[in-house]
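Here are some notes for a colleague who is meeting this structure for the first time. Please keep the model open while reading, and look up each residue as it is named.

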Amino acid sequence: MPALEGGARIYGTPPGADLPRILVEALVARKDDAPEGLARTTLLLNTRRLERRVRALFDGHAPLLLPRIDLVTDLAHLTGLAPGGTDLRRFLSLAQVLDETLARIPDLAHPAAAVDLAQSIGALLDEMAVERVAIEALEDVALENQSEHWDRNRRLLGAIGAYLAADPALGGAAARNREATDRLIAAWRVAPPRYPVILAGSTGSRGTTFDLMCAVAGLPQGAVILPGFDFDLPASTWDALRADRFDPVEDHPQYRFARLLSALDMSPDAVRPLGDVAEGGGRRALVSLCLRPAPVTDAWLAEGPGLGDLAAAVDGVTLLEAATLRDEAEAIALCLRGVVEEGKTGAVITSNRVLTRRIAAALDRWGIVPDDSAGEPLGQTPPGRLVLQVAELRGAPVAAEELVALLKHPLVAVGEGRGAHLRLTRELELWLRGEAVPFVDGAVLEQWIAGTAREDAGGWAAWLGGIFAGLGPGPAPVSEHAARTLATCGTLAAGPAEAAAGAPEWEDEAGLATLSVLDSLRAESAPDHIVGADGWRRLAEAAIRAKDVREAVITDPRVMIWGPLEARVHGADVVVLAGLNEGTWPEAPSPDPWLNRPMRRALGLLSPERSVGLAAHDFQSAVTTGEVVLSRAVQEDGAVTVPSRWLSRMTNLLQGLPETGGEEALSEMRARGETWLARVREMRRVAPVSPEPRPAPRPPVEVRPKRLPVTAIQRLIRDPYAVYARYVLRLRPVGPLRQISDPALRGQILHEIFDRFTREARRESAGAEEARLLTLSHEVLEARVPWPAARRLWHARIGRIAEAFVAWDLDQRARRAAVILETKGQVTIPEIAFNLEGRADRITTFVDGTLEVVDFKTGKAPTRKEIEHFDRQLVLEALIAEAGGFRDVPAAPVASVAHIGLSPEFALSVHGIGDGDELFDLGEVRRGLITLIAAYQREDQGYAARRAMASVRFEGDYDHLARLGEWDDEARPVPVTLR
């Protein structure tokens with residue numbers, strides 16, 4: 001490393017240069033002959049990954065005494081600063097204060113937001129500490145033209161800041177590092193170190209690091225090495241950046257360097273280059289020009305033609321524009337596979353974690369496990385998920401789907417008894433689906449045990465019931481919640497076969513990290529921090545999701561996944577900049593719920609554009625490496641994406657320079673990307689398979705149904721295949737595990753309410769009967785519907801129709817002799833040896849000896865045309881009633897059938913039975929039924945799929961079995977004779 005003659009010592013590596021390698025080579029080259037030459041040097045680096053890379057490069061040299069290496073974010077040990085409190089302790093204290101504050105000021109935010117607000121306040125306090133902004137400065141911010149909301153935020157932040165200042169243990173790691181840095185700088189002023197101090201890898205974007213860089217640059221043997229310094233940027237642009245003439249200015253990749261040089265009163269020409277500036281100069285000049293600040297992009301016209309041969313500048317650059325995120329991930333995976341086959345190294349740089357997981361999954365087909373620097377979020381590992389699932393269940397009714405997901409967790413009932421445990425879990429799941437149970441408790445388990453034949457179900461259910469007992473504590477200290485959660489996890493891991501429960505034996509990195517989080521929550525929480533089950537769930541989720549873990553798996557060292565910051569620490573032969581869309585490159589700035597832009601500017605805090613400028617610097621550093629793949633997806637999650645602003649600038653600049661080969665260069669970049677996409681399409685290509693035809697199976701006559709319920713007749717008309725699947729193949733749909741307040745349940749509940757109302761009929765006034773109906777509604781809904789919102793909504797609907805329904809019922813009472821509710825019946829049709837079954841909602845016997853069959857509809861009642869041709873349920877029930885097929889209903893003429901709509905608008909639809917032109921004729925109904933059933937008793941009649949659906953959007957239970965999608969409703973059914 002060359003020495004400077006006085007002044008601040010600032011060096012820079014050009015964008016795309018391998019900073020760690022250049023740094024190590026420079027240090028090794030300048031060491032003196034004494035063995036301790038390097039050992040007298042202190043090296044300050046900005047990230048742990050840069051430190052690991054530097055140490056690895058030193059290991060590749062001859063034996064050396066290494067320099068002292070420290071991180072700029074951890075300097076407390078250099079100053080003797082006493083250990084301080086942890087960020088977790090501060091977070092828990094902030095959450096406790098906000099819980100109390102939101103209880104006093106309910107209009108500030110919902111109480112459930114305390115955890116999120118605590119995290120945002122913690123981040124703000126860290127930023128204020130880093131930028132040397134005292135909490136008292138909030139009082140000096142003028143808010144005359146601001147809303148009252150911001151003034152309340154200011155007062156709340158001031159109160160919280162005073163609370164934290166009273167306890168030094170709540171300062172946080174950022175404040176502690178700021179104090180350590182200030183102490184170190186003060187000590188250097190008194191006694192400058194006699195050894196070299198070199199700070200490398202930082203852009204000075206944070207106040208603490210910026211001050212440290214200025215101090216190191218002023219030391220007698222100090223030096224600062226700037227990563228990705230743009231030596232191609234003209235002096236006019238540097239002057240504009242240093243004078244802040246652009247608004248916003250912070251989104252430029254070199255702004256932080258301009259700010260540092262201004263603070264040091266240095267010219268950009270004084271920055272000495274490290275590394276070969278000429279190498280790759282064409283691409284660096286191109287990228288430098290395309291990233292110029294927006295107000296001076298007119299320089300494209302003047303300087304663009306001077307860039308030279310653009311095809312040579314972008315040689316080795318691939319532009320991959322995939323249609324979807326899946327296409328992008330698989331194309332990148334293919335590219336990385338090619339890198340491995342060529343014996344090179346490749347790195348993917350992106351902040352899109354969904355994309356990186358897709359890339360890793362695509363690489364897995366070839367057995368390639370990438371080295372992911374970010375690791376895996378602890379909440380997505382099995383131990384972390386188990387703790388979150390247990391925390392989710394605490395203090396709330398146990399939902400069926402949550403219970404089944406917990407019982408199937410890989411860390412539950414580990415050991416020899418897991419097979420029996422999974423079999424019992426499967427039986428319980430099928431029973432819950434069949435019985436439509438939304439929530440599970442001890443009583444539900446007893447019902448299941450009563451109906452199962454397994455001998456070991458009792459002990460297993462008792463074990464499960466013991467877990468339920470520990471899930472529902474009231475408000476308790478955070479430490480108690482953590483202990484109970486850990487104990488429950490131990491009971492689940494031990495399984496029913498173990499006599500005693502204990503902590504799960506998690507010996508891998510994820511398990512140890514999860515146990516560490518729970519132990520920290522117990523140790524760092526205050527004894528008086530009382531939270532309910534919901535508050536504990538949010539605290540546990542925030543603590544676990546804030547931690548990442550790297551599993552000890554054997555990864556391929558030739559394939560790496562990095563975050564954007566690590567573009568400065570690269571060392572890969574091929575670099576893939578993935579997810580080059582707005583929102584990823586750059587990421588959208590996080591909103592600040594506490595301070596608006598004018599307040600942040602008045603306080604001297606960072607602007608939201610800071611993160612954009614850092615991302616621009618990372619982009620410039622990565623895109624100027626040797627072999628680069630620029631990739632993006634045109635669509636993501638079904639929405640059209642917007643290309644990254646820097647990618648758009650590059651493509652626009654190339655398109656605007658046809659005289660120097662810009663258009664041709666861009667076409668070649670896209671052609672190289674299309675090569676990988678074509679390989680993806682070829683990889684997916686399979687041998688053509690003929691689609692299945694629209695089925696119309698013809699099973700043997702002897703296996704065809706000899707009895708059907710009246711509800712199946714409509715299906716036989718509209719979708720005969722559904723009748724074949726259910727009554728010939730005997731396939732019944734499995735109910736959903738997650739029960740919701742759907743129309744089917746609403747129909748059951750409303751039927752029960754009106755059934756009880758009719759059975760308990762009294763001779764009272766209309767008003768009293770309406771009140772009785774609403775009382776019954778409240779009782780049934782409270783007993784049967786576990787969702788408060790659904791209870792209120794359905795009760796309100798009954799309240800709307802109560803007056804009309806009671807008026808109709810009272811009119812019926814004056815004419816009826818008896819009413820039969822929810823009765824079953826059947827009738828035999830001897831001509832076709834067929835039994836018709838049905839269940840009537842209500843049958844009324846009038847004093848004149850006639851009957852009326854009533855059906856309650858929670859939705860829209862069918863029209864007369866629909867009844868004539870499709871919806872035959874009610875008239876078929878009338879056929880059974882007239883023949884005396886219903887229990888407790890003697891044979892009698894049916895005068896009418898009626899649909900009662902229980903929708904928000906009460907509707908009564910009555911249709912007469914007789915021989916008139918406008919009336920239904922049961923004789924004709926009987927003949928039509930005979931004709932229909934007889935047709936399906938012939939061997940040549942097939943059960944066609946979706947014969948006459950009410951709507952093409954209607955989904956049948958057996959459409960997947962009929963292979964719907966390989967054919968449509970316009971295809972002709974193809975009969976298939978089955979033997």
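How many of the eight residues of strand β26 are buried?

1. The model is a predicted one. In strand β26, which runs over residues 894-901, seven of the eight residues are buried, and the strand is therefore mostly covered under the cut-off of 20% relative accessible area. Strand β25 (residues 851-857) pairs with β26 in the parallel sense over seven bridges, and within this pairing leucine 851 has valine 894 of β26 as its bridge partner.

2. The largest nonpolar core holds 86 residues, and those that touch the most other members are Leu386, Leu428, Leu432, Leu464, Trp536 and Leu595. Helix α5 (residues 114-130) gives the most to this core, namely eight residues. A second core, which is separate, has 50 residues, including Leu716, Ile832, Ala840 and Tyr943. In soluble globular proteins, nonpolar side chains tend to be buried together. For leucine 464, the contacts beyond its neighbours within four places in sequence are Leu403, Leu407, Leu428 and Leu445.

3. Arginine 283, placed in helix α11 (residues 281-290), deserves a careful look. The residue is buried but has no salt bridge, and the nearest side chain of opposite charge, that of aspartate 315, is 7.0 Å away. The side chain of arginine 283 does reach two backbone oxygens, that of valine 623 at 3.3 Å and that of threonine 625 at 2.2 Å. Beyond four places in sequence, the residues that arginine 283 touches include Ala313, Gly316, Thr624 and Val628.

4. Side chains of opposite charge can pair when their charged atoms come close, and the count of salt bridges in this model comes to 59. Glutamate 627 and lysine 344 form one of them, with their closest N and O atoms 3.5 Å apart. This pair links distant parts of the chain, since glutamate 627 is in strand β18 and lysine 344 is in the loop between α14 and β8, 283 residues apart. Glutamate 627 counts as partly exposed because its relative accessibility is 34%, and lysine 344 counts as partly exposed because its value is 28%.

5. A contrasting pair is glutamate 429 and arginine 433, whose closest N and O atoms are 2.9 Å apart in a salt bridge. Both lie in helix α18 (residues 418-435), four residues apart, which is about one turn of the helix. Glutamate 429 counts as buried because its relative accessibility is 10%, whereas arginine 433, at 22%, counts as partly exposed.

6. Salt bridges also join into a network, which links Glu392, Asp534, Arg537, Arg538, Glu541 and Arg545.

Definitions and conventions. Residues numbered from 1 in each chain as written. Predicted model: local features only at pLDDT ≥ 70, side-chain atom pairs only at ≥ 80, totals over all residues. Heavy atoms only, no water. Helix = DSSP H or I, 4+ residues; strand = E, 2+ residues; numbered from the N terminus. Buried < 20%, exposed > 50% of the residue type's maximum accessible area, 1.4 Å probe, protein only. Lys, Arg positive; Asp, Glu negative; His and termini not counted. Salt bridge = Lys/Arg side-chain N within 4 Å of Asp/Glu carboxyl O. Polar contact = N/O pair within 3.5 Å; in protein donor to acceptor, adjacent residues only side chain to side chain. Contact = heavy atoms within 4.5 Å. Core = buried A, V, L, I, M, F, W, Y, C linked by side-chain atoms within 4.5 Å. Pairing = 2+ DSSP bridges.
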